[in-house]
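Subject: Structure for you to look through

Dear colleague,

I am handing over the structure we spoke about, and I would be glad if you opened it beside this message.

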Amino acid sequence: MSDISPVDPNIDLYGFLGIIRYPDGTITPLPGPAIPASSDPRNPFHFSKDVTINESNRTWARIFVPREAFDSSPDTKLPLILYFHGGGFIRGNVSTPLFDDLHTELAIEIPAVIISVDYRLAPEHRLPAAYTDCLEALHTIKDSNDEWLEKYADLSKCFLMGTSAGGNIAYHGGLRAAACVDDLKPLEIKGLILHHPFFGGTKRTDSELRMANDKVIPLCATDFMWELSLPIGADRDHEFSNPMMGINPQLFELIKALGWKILVIGCAGDPLIDRQIELVKKLEENGASVKGKFDEGGYHGYGYVNPTAKAITMVVKGFVLSSITC
C-alpha cells in the first residue's frame, strides 16, 4: 500500500501553479511576458530564431547561436544541445523570460548551439507526447537544411538536456533515441544532462517527507502535476514517473556501447534529490557512465536565472567538453 496523501483542499493548486482550468476540463497557463527571437545586431550575446518542428502539433523550437560564432565564422563547428524546459509537463514555453538566462549562458559560455524545444503540454497531451516530440525534434534537426545549423552546429556532438520535467524528457527521450541511433545519423548523441530531473513514485522518499511543504514544489503540487500528465489510470509508479520501474539492463548495455555519458545535477534543497541520487546509483549498477553533481542548499530548478545559471552552465561546460574530447 502506498503512502499517498490527498491533495490539500485548502490550497488552490491551479493558482499556485499559474494555470487556469476551464469548465470543459482543459487548462491553460496564465498569460505572461514572452521574449521574442532576435537577430538584432546590437545583441551582445547571441542571435536566435524560431523554427517549426510539427505544424499540426504546433511544436517548434528556438535556435540560439552565440554572437561570437557569427562574428568569427569559426572553422570548427560548435556542439549542439537540445534543451527541454521545465514546468511539470503542464506549463512553460521557450519564450518564457525565466529561461532566458540559462539559454544565454549555455550558448555563450560553452560555447554551443542551443535548440530549445517547445513540446506539447499535458493534460491535453499526456505523456508520452513530450517524449515523442523529443524524438521528432531530433529527426527534424538531422534532416534540416537550416543555414544556421549547417554552418555552426556539429550534429555529431549532440547532447540532450532538460530542467525538471525537461530533465525527465531528456532521460526518457534519450532512451527512445538510443534504440534508433542509426535512423538519426548524421546526428550523434554524446550524452544526457539531467538538471534537477522531475521523477516521482507512490512511496515517499525521506527527502520528500522532510520537505513535504516545500515552497517551490510541495508534495501536493507534484502529485497534482503527475495526475495531469501521466496516462489516464496510471499512478506515480508508472515508469514515466518512477524510472526504477523501467530500468532495462540491455538498453543500458547499448548506451554503454554507444559511449553515451550521463550527468545528473541536483541539490539538497530539492525534495526530489533522493530520487535523483537513486537513479544515479541504479545507472551505475547497470554499467552506464554516469556522474552525479549534488550541491548543498538550493531549491528545485535553481539554475534558471543568474548567478546560478552561470554556475550550472560551467558544470555543463566541463561535462560537454570532456565528453567530446575523450
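The notes below go through the chain as a whole, then its pockets and its cavity, and lastly some details of the backbone.

This is a predicted model, in which local features need pLDDT of at least 70 and side-chain atom pairs count only at pLDDT 80 or more, while totals for chains, interfaces and linings use all residues. Residues are numbered from 1 along each chain as its sequence is written, and side-chain values use heavy atoms, with hydrogens and water left out.

The protein chain averages a pLDDT (the predictor's confidence in each residue, from 0 to 100) of 92, and 95% of the residues score at least 70. Over residues 1–7, however, pLDDT stays under 50, and for this stretch the model has 11 contacts (heavy atoms within 4.5 Å) beyond four places in sequence.

The secondary structure of the protein chain comes to 12 helices and 10 strands, where helices (H or I, at least four residues) and strands (E, at least two) are DSSP runs numbered from the N terminus. The radius of gyration of the protein chain, taken over C-alpha atoms, is 19 Å, close to the 20 Å that the globule rule (2.2 Å times the number of residues to the power 0.38) gives for 326 residues, so the chain is as compact as a globular protein of that length. Along its principal axes the C-alpha trace spans about 60 × 45 × 40 Å.

An unreviewed UniProt entry places the feature "domain: Alpha/beta hydrolase fold-3" at residues 81–302; UniProt positions are given in the numbering used here, feature names are shortened, and annotations may be inferred rather than shown by experiment. Over residues 81–302 the chain is 40% helix and 19% strand.

Grid points are joined across faces, edges and corners, and a volume is the space filled by probe spheres set on the points.

The largest pocket holds about 760 Å³ of space, and among its 37 lining residues Gly86, Gly87, Arg91, Leu98 and Phe99 lie nearest its centre. Its lining divides into 21 nonpolar, 14 polar and 2 charged residues, counting Ala, Val, Leu, Ile, Met, Phe, Trp, Tyr, Cys and Pro as nonpolar, Asp, Glu, Lys and Arg as charged, and the others, Gly among them, as polar.

The second largest pocket has about 280 Å³ of space, and strand β2 (residues 27–29) gives the largest share of its lining, 3 residues.

A search of the whole structure finds 1 cavity of 30 Å³ or more, and the largest cavity has a volume of about 40 Å³. Helix α9 (residues 219–229) gives the most to its lining, with 4 residues.

Turning to the backbone, the peptide bond from Leu127 to Pro128 is cis, with omega near 20°, and Pro128 lies in the loop between β6 and α4. The bond from Lys185 to Pro186 is also cis, with omega near 15°. Phe89, although not a glycine, has a positive phi of about 70°.

With best wishes

Notes. On a 1 Å grid over the protein atoms alone, a cavity is a set of points where a 1.4 Å probe fits but cannot get out, and a pocket is an open set with protein on both sides within 12 Å along at least five of seven lines; lining residues have an atom within 4 Å of a point.
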